[in-house]
Amino acid sequence: MAKSSLDKKFDQIRKREEEKTFSTKKRSRIVNKFLNNRLAVLGLIIFTIIILASIFAPLLSPYDPMRVDLRSMRQPPSLDHWFGTDSTGRDVFTRVLFGGRVSIFIGLGSAILSAVVGIAVGCYAGYKGGWIDVIALRISEIFMSFPQIILVLLLVSITGQSLFNLMAIFILTGWGGMYRLARARMLSLREEEYVQALRSFGLSTFTICYKHMLPNALSPIMVNITLSTAMFILTEAGLSFLGLGVPLNIPTWGNILNVAQDILILQNYWWMWGPVGIVISVFVLCVNFIGDGLRDSTDPSQQG
Amino acid sequence: MKKEILKLRGVKVHFPVQAGVFNRVVGHVLAVDGVDLAIFRGEVLGLAGESGCGKTTLGKAILRLVEPTDGEVKYISQDDDETELTSLEKKDMDPFRKKLQIVFQDPHSSLNPSFTIFGSLQDPLKKFGIKSKEERRKIIGDLLEAVNMRREYMDRYPHEFSGGQRQRIGIVRALCLEPELIVCDEAVSALDVSIQAQVLKLLMQLKKEKNLTYLFITHDLSVTEYLCDRIAVMYLGRIVELCDSEDLYNNTLHPYSEALISAIPVADLDKQTKRIVLEGDVPSPVNPPKGCPFHPRCPKATDICKTEVPTLKKYSTNGNEHYASCHLIDLPEIS
Ligand SMILES: Nc1ncnc2c1ncn2[C@@H]1O[C@H](COP(=O)(O)OP(=O)(O)O)[C@@H](O)[C@H]1O
Ligand code: SF4
Ligand SMILES: [Mg+2]
């Protein structure tokens with residue numbers, strides 16, 4: 001079969017196109033950009049260290065975080081007790097490690113679960129529009145305008161303090177932000193022509209919005225998850241410090257900090273609250289660095 | 001004997017305009033405002049007009065990507081079965097979604113950046129019963145070769161392709177279920193001129209091989225002349241002239257078409273006619289002018305144009321049917 005002139009011309013175009021080396025994969029470009037951000041990398045390293053230390057806490061410390069040891073009360077930091085001991089002789093370093101487990105679990109868990117709820121609602125409502133969207137928007141406004149502290153007080157007085165109540169409150173007050181983010185992304189994505197093309201095949205709403213569109217809405221949501229994690233950890237610490245958060249018998253960063261309510265301890269035993277305060281700040285800072293790094297590296301306006 | 005594939009009657013698409021705190025509807029964008037049109041099997045029907053006159057909306061209304069507010073879109077199968085599409089339930093549309101497809105304008109938003117070509121094309125194939133992955137890969141690979149690309153490209157991501165390549169992938173997507181009619185919405189407008197010509201030739205070659213019908217949307221009448229069998233000119237949501245493409249250029253009836261044609265750059269200086277400059281932009285389709293919608297910009301407008309709406313009437317030029325809607329045509333109307 002003779003080649004038509006059209007084919008020949010296309011061969012030329014194709015040759016030209018192939019001479020341009022194809023750019024590297026998009027994913028690795030994002031990773032590269034993230035790795036070039038020193039603060040973000042530093043944040044990621046410290047974040048990983050703290051998380052690993054919390055997970056492997058029993059391997060790192062010979063002490064039991066709950067065991068009262070009245071012979072070694074209020075000892076300052078030493079080689080045996082790196083962060084000293086508290087008023088009942090428990091090793092503060094061990095408690096910080098074990099507290100990290102709970103605090104990070106609350107922070108990350110609440111952030112991820114609010115994201116799941118927010119995304120599930122936001123994607124569908126944002127893509128569908130109409131009355132579903134209006135209702136979802138109003139509901140999210142109600143939840144977002146409700147002061148968190150009053151919700152906490154209400155729930156604590158009704159059902160008592162518990163870790164899961166606290167997480168439930170975080171999710172109730174937190175999903176709205178994620179929902180709005182997901183919804184806003186979907187509103188702009190749904191006009192994209194590839195979405196129109198999928199609709200022209202009559203694919204189901206679920207396939208289109210959760211499978212094909214959601215991956216393109218994820219990067220701002222990832223950023224938001226990191227920032228919310230930081231915020232929830234701080235809120236937990238604040239609430240526990242006030243005695244409204246997680247029950248005091250569970251070690252969390254906030255509950256360890258709780259002892260600083262006592263002016264005597266605040267003045268005389270800095271090691272009971274100082275190190276844990278620093279750990280909280282460093283961790284939150286690292287999470288924020290990671291969030292900023294993610295935002296910069298996935299920013300579509302900076303992609304070629 | 002020419003057979004129709006689509007017949008539109010009185011198609012209207014009105015978008016509500018909302019304002020205020022309570023999203024009250026304060027008016028409507030009359031994007032498409034009463035279009036009657038027949039598309040014949042195997043033809044290339046051009047749909048021309050400045051941007052904002054409702055061409056895309058009309059194309060989408062045919063595929064029900066926007067729901068027509070009013071009117072009928074009839075699909076006529078090869079065995080002459082007529083189906084009214086706009087009144088079908090969503091799920092009953094499926095057999096017709098296979099037959100009617102669309103190629104979009106913007107090569108940058110037409111492909112999903114998160115999926116490989118195969119990844120984004122395989123769901124439609126799956127939905128329409130091609131269960132084995134091997135078979136799906138074969139169909140997409142064959143089509144990629146048909147648009148002069150390599151089969152292996154199906155495993156690449158969109159950002160690895162140039163605009164012309166993406167547009168060809170858009171064509172592959174439109175072709176993957178073996179449609180009968182393809183709406184080409186400014187399919188080449190965003191491309192470099194040299195690549196435009198290649199893609200147009202490719203479209204024509206595919207049309208011949210696969211017995212396709214095209215509704216070829218463009219804002220640029222210089223592309224359509226050699227491509228289209230007939231051309232419909234649209235202004236503010238209505239068709240103002242519809243005829244064989246030769247007649248549109250040689251026996252223009254409507255002043256709007258005249259202005260569009262005079263704006264085409266001509267290489268041959270002898271043929272250069274005086275350019276009719278259209279003043280201003282297309283008026284807002286929210287409050288279209290009374291009388292003839294074109295009268296504020298029409299160089300020939302008279303008093304009657306300001307009050308009476310001209311209707312699309314049938315004339316004959318060169319022995320061919322020629323529709324136009326203007327008060328000042330002094331040809332005998334035929335019924
Ligand atoms: N979804 C929409 N909502 C409101 N107005 C719209 C929408 N889509 C298009 N329009 C309006 O309808 C008119 C026709 O648009 P369009 O069909 O895109 O024109 P064309 O393709 O000829 O440039 C424009 O005035 C546009 O602003
Ligand atoms: S009816 Fe009048 S205003 Fe309208 S196109 Fe004809 S001459 Fe122009
Ligand atoms: Mg358009």
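In this predicted model, chain B and chain A bury about 3600 Å² between them, 52% of it on carbon and sulfur atoms, where buried area is the accessible area (1.4 Å probe) that two parts lose on being put together, summed over both. The contact (heavy atoms within 4.5 Å) draws 42 residues from chain B and 31 residues from chain A. Local features need pLDDT of at least 70 and side-chain atom pairs count only at pLDDT 80 or more, whereas totals for chains, interfaces and linings use all residues. Residues are numbered from 1 along each chain as its sequence is written, chains are lettered from A and ligands numbered from 1 in the order in which they are written, and side-chain values use heavy atoms, with hydrogens and water left out.

Between chain B and chain A the count is 1 salt bridge, defined as a side-chain nitrogen of Lys or Arg within 4 Å of a carboxyl oxygen of Asp or Glu; this joins the side chains of B:Asp123 and A:Lys211 at 3.0 Å, N to O.

Strand 8 of chain B, residues 213–218, has 6 of its 6 residues buried, that is, under 20% relative accessible area (1.4 Å probe, protein chains only); strands (E, at least two residues) are DSSP runs, numbered from the N terminus. Strand 8 of chain B pairs in the parallel sense over 5 bridges with strand 3 (residues 44–48) of chain B, and likewise over 5 bridges in the parallel sense with strand 7 (residues 181–185) of chain B, pairing requiring at least two DSSP bridges between two strands. B:Tyr214 stands opposite B:Val44 and is also the bridge partner of B:Ile182.

Note on methods:
Buried < 20%, exposed > 50% of the residue type's maximum accessible area, 1.4 Å probe, protein only. Helix = DSSP H or I, 4+ residues; strand = E, 2+ residues; numbered from the N terminus.
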